[in-house]
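Reader: Hi! Could you walk me through this one while I look at it on screen?

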Amino acid sequence: MKTGQVISAAGHATLIGWMVFGGIFRTEQLPIEATEVSVISGEAFAALMAAQDSPTSQSEITQPAQPVVDNETGAVPEPETVPEQEIPEPAPAPAADDAPDVSELSPLPNAEVLVETPVLPTPEPDVAVEAPESNETPVPQASIRVAPEPVIAPDPEARPDLVEQEAVQQMVTGGTVAEPKEATAAEEAASEIVTEAEKPSAAPETSLRPPPLRPTRSAVQAAETSELAAETQKPAVEPAAEEPNTSSAVDDAFAEALGQDSETPSAPRGPPLSAGEKDALRVAVQQCWNVGSLSSLALETTVVVAVSLTKDGKPIVSSIREVDSEGGTSASVKQAFETARRAIIRCGARGFQLPSDKYDQWKDIEMTFNPERMRIK
Amino acid sequence: MMVRIFTTLMALMMTATLSLAQQGPLRIEITEGVIEPLPFATPDFVAENGSSTEMGTELARVVAADLQNTGLFREIPARAYISNVTDFGSAIQYPDWKAINAQALVTGAVNVSGNSLTVKFRLYDIFSGAELGNGLQFQGTTEGWRRMAHKVSDAVYSRITGEGGYFDSRVVFVSEMGPKNKRQKRLAVMDYDGAGVKYLTDSRSLVLAPRFSPTGDRVLYTSYETGFPRIYVLDVGSVQHRVLESGEGSISFAPRFSPNGQTVVYSQATGSNTDIYTMDISSGRSTRLTSAPSIETAPSYSPDGNSIVFESDRSGAQQLYIMSANGGEAKRISFGQGRYGTPVWSPRGDLVAFTKQSKGRFHIGVMRIDGSEERLLTASFLDEGPTWSPNGRVIMFHRETQGAGGRSTLYSVDITGRNLRPVRTPEGGSDPSWSPLQK
């Protein structure tokens with residue numbers, strides 16, 4: 001009796017469960033792929049089959065002839081080919097080109113090379129060079145705000161303000177009455193033109209970023225020397241240790257972090273370039289680094305080239321110089337350097353896209369041109 | 001105590017921060033460049049007298065063709081010029097040339113006086129705004145005006161690429177005319193670019209495998225003049241030739257000069273065995289270098305003359321080997337699938353060019369002398385007979401097309417595998433051998 005009830009209960013439970021949850025396991029019907037067919041006639045089918053049979057006969061016809069083996073490859077010349085080639089043709093009257101032309105084969109008189117040629121006049125300054133020399137003596141740019149005609153003087157009550165503000169008018173209906181303010185003119189309307197170079201910069205005089213930790217080699221040496229000298233002058237008996245002045249130590253650390261230490265004046269200040277900005281510069285130079293005309297020896301030469309950039313990212317041509325090299329000969333180093341130099345000038349003609357607020361970081365660059373991946377493998 | 005720890009921690013944090021800061025100038029490494037022809041301009045050379053105008057144009061065209069044929073340079077057409085060069089001594093307007101992206105500018109002047117020809121040239125690096133090297137002047141005869149142009153090209157090529165040129169050189173080859181089963185073959189010599197073809201022999205006897213001497217004044221070749229293949233040496237200046245003595249009852253072929261030009265290395269077949277011999281040209285004395293029962297042939301000296309690369313089937317398959325120039329044990333350098341043959345040592349000494357037959361196709365390839373870095377440069381129905389340019393940058397070979405009417409044509413290819421191009425000859429050509437640069 002119990003067994004029957006258990007079986008019945010289990011069966012009902014299974015049935016109810018399947019009705020409730022069966023949809024979860026329901027498989028979706030697979031899409032049916034339909035292919036369009038076309039009906040062809042018996043003649044067309046026969047023609048199609050005939051066309052497919054043809055390559056067999058073609059391959060037999062176009063079987064490549066065995067190439068004749070050159071004597072130099074080691075095969076002894078086949079006797080039957082020799083007589084064929086030796087069949088004396090009816091000796092024609094020697095054509096003009098059959099007879100060796102001795103005079104034309106004789107070498108030319110040795111060309112005399114005169115290394116000294118008239119010295120060229122000094123070329124005119126390259127006025128179209130985008131980079132360069134002119135930036136060494138910067139000239140304040142003329143302000144675009146200068147009009148050919150005198151500007152009408154502003155109203156006496158107008159006065160420059162840092163932020164241009166519109167005059168506040170009293171509301172006619174409702175609302176709170178705003179405190180009346182005087183209208184201020186835009187700064188451009190100032191009667192006196194202050195160029196960008198003359199304008200006092202709002203930027204901090206010193207960067208908030210910490211300077212590089214490592215001092216220059218000369219600084220280290222000087223420090224070591226002074227320490228050495230101090231040690232020699234140090235009394236034999238150390239004075240009793242005093243309680244450290246922790247406040248001054250913290251102050252010193254902050255002062256060092258804020259770059260108030262003048263021992264590393266050449267270190268760049270400001271935020272460093274991000275990896276993406278460096279990659280963008282790398283890609284920009286790579287596009288013009290053409291190694292196609294380099295010799296194989298120059299392709300084994302790595303050169304380090306230093307260049308200074310103007311604030312608009314253009315290379316100063318006169319600043320491009322070779323810093324270091326590895327591999328190759330002096331001639332290949334020269335070729336590699338010239339190619340690198342050409343790349344910098346070409347792709348920097350319009351200025352490298354670099355963040356102007358980080359100019360201090362990229363005004364001097366050392367580029368290592370390593371052609372290892374470009375070598376002929 | 002706590003204050004001291006705090007101070008120390010602060011100092012450590014600042015140290016870590018500072019260590020991340022940039023030291024000195026910004027440093028980047030450039031490892032990926034581009035490989036593209038360098039744009040250059042070659043205006044017509046300035047005629048210094050009325051009779052030189054045409055010559056000035058022709059000279060500039062040959063120089064431009066020389067440079068462009070290398071695949072390393074691309075000529076900017078004259079119609080793109082903003083300014084032109086009308087006076088050889090005038091200053092260069094760099095902005096005008098920079099505007100059309102010319103990176104190099106070749107200017108020249110020509111003066112024809114009777115049979116005398118004077119050619120001057122200067123090379124400018126446009127983006128540097130300076131002359132690249134000093135100007136040069138060549139003097140010669142009007143008949144040799146093409147050599148003048150080639151010499152200018154050699155100088156330009158050398159200054160830009162840093163390696164020697166190869167334009168003022170010649171190629172001796174077998175000129176082929178007629179169908180395959182009745183082909184006439186003659187020795188011919190031409191400029192490297194296929195110009196000025198001259199014939200050294202007639203077509204009465206079959207000639208094979210000419211090879212220039214290191215000085216370019218003699219040619220070794222194999223001829224069936226007596227009915228059997230014998231090695232001959234031909235003086236290019238006088239076109240006189242003589243047979244080099246070889247063993248009686250044997251067949252000699254595949255000769256090649258040693259680097260000093262005093263010795264000839266060649267193959268000699270006796271019965272079914274072929275070995276490599278050397279012969280002193282002055283005394284005619286021969287020395288046998290190999291004695292294996294297999295076929296050893298196609299020997300080629302290293303540039304220093306101390307080693308010889310050759311092909312042999314001693315391992316059961318045709319492979320490349322290197323041995324001392326005095327003979328002795330040989331070292332196998334090729335191990336790939338297929339058959340390797342006709343090895344030729346590079347003038348630089350670092351590579352060996354060869355012919356490879358694999359899977360029904362022929363290839364011209366190069367490998368280092370230890371067999372490493374094998375690189376196949378071509379692939380066709382039949383490529384064979386590589387020869388090196390004097391600077392070791394270009395390989396010339398011949399390619400034969402399929403079928404009874406197939407034609408054999410000379411081709412050249414850069415050792416990078418780029419710039420594969422046919423060398424135009426009046427007739428078909430095979431077995432090229434490149435001369436050294438002419439003096």
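Author: Happy to. In S26(B), the bridge partner of B:Val352 is B:Met367. This is a predicted model, where local features need pLDDT of at least 70, side-chain atom pairs count only at pLDDT 80 or more, and totals for chains, interfaces and linings use all residues. Residues are numbered from 1 along each chain as its sequence is written, with chains lettered from A and ligands numbered from 1 in the order in which they are written.

Reader: Thanks! How many bridges do S25 and S26 of chain B pair over?

Author: Eight, in the antiparallel sense, between S25 (residues 351-358) and S26 (residues 361-368) of chain B. Strands here are DSSP runs of E, at least two residues, numbered from the N terminus, and two of them pair if DSSP finds at least two bridges between them.

Reader: Which sheet are they in, and in what order?

Author: An open, antiparallel sheet of four strands, ordered S24-S25-S26-S27 in chain B. Strands S24 (339-345) and S27 (375-376) are its edges, each pairing on one side only.

Reader: New topic: which residues touch the most other members in the largest nonpolar core?

Author: A:Val305, A:Ala340, B:Leu59, B:Val63, B:Ala104 and B:Leu105, out of 70 residues. Such a core joins buried Ala, Val, Leu, Ile, Met, Phe, Trp, Tyr and Cys residues through C-beta atoms within 7 Å; buried means 20 or more other C-beta atoms within 10 Å of a residue's own, with C-beta atoms placed from the backbone.

Terms used:
A residue is buried if 20 or more other C-beta atoms lie within 10 Å of its own, exposed if 12 or fewer, and partly exposed in between; C-beta atoms are placed from the backbone.
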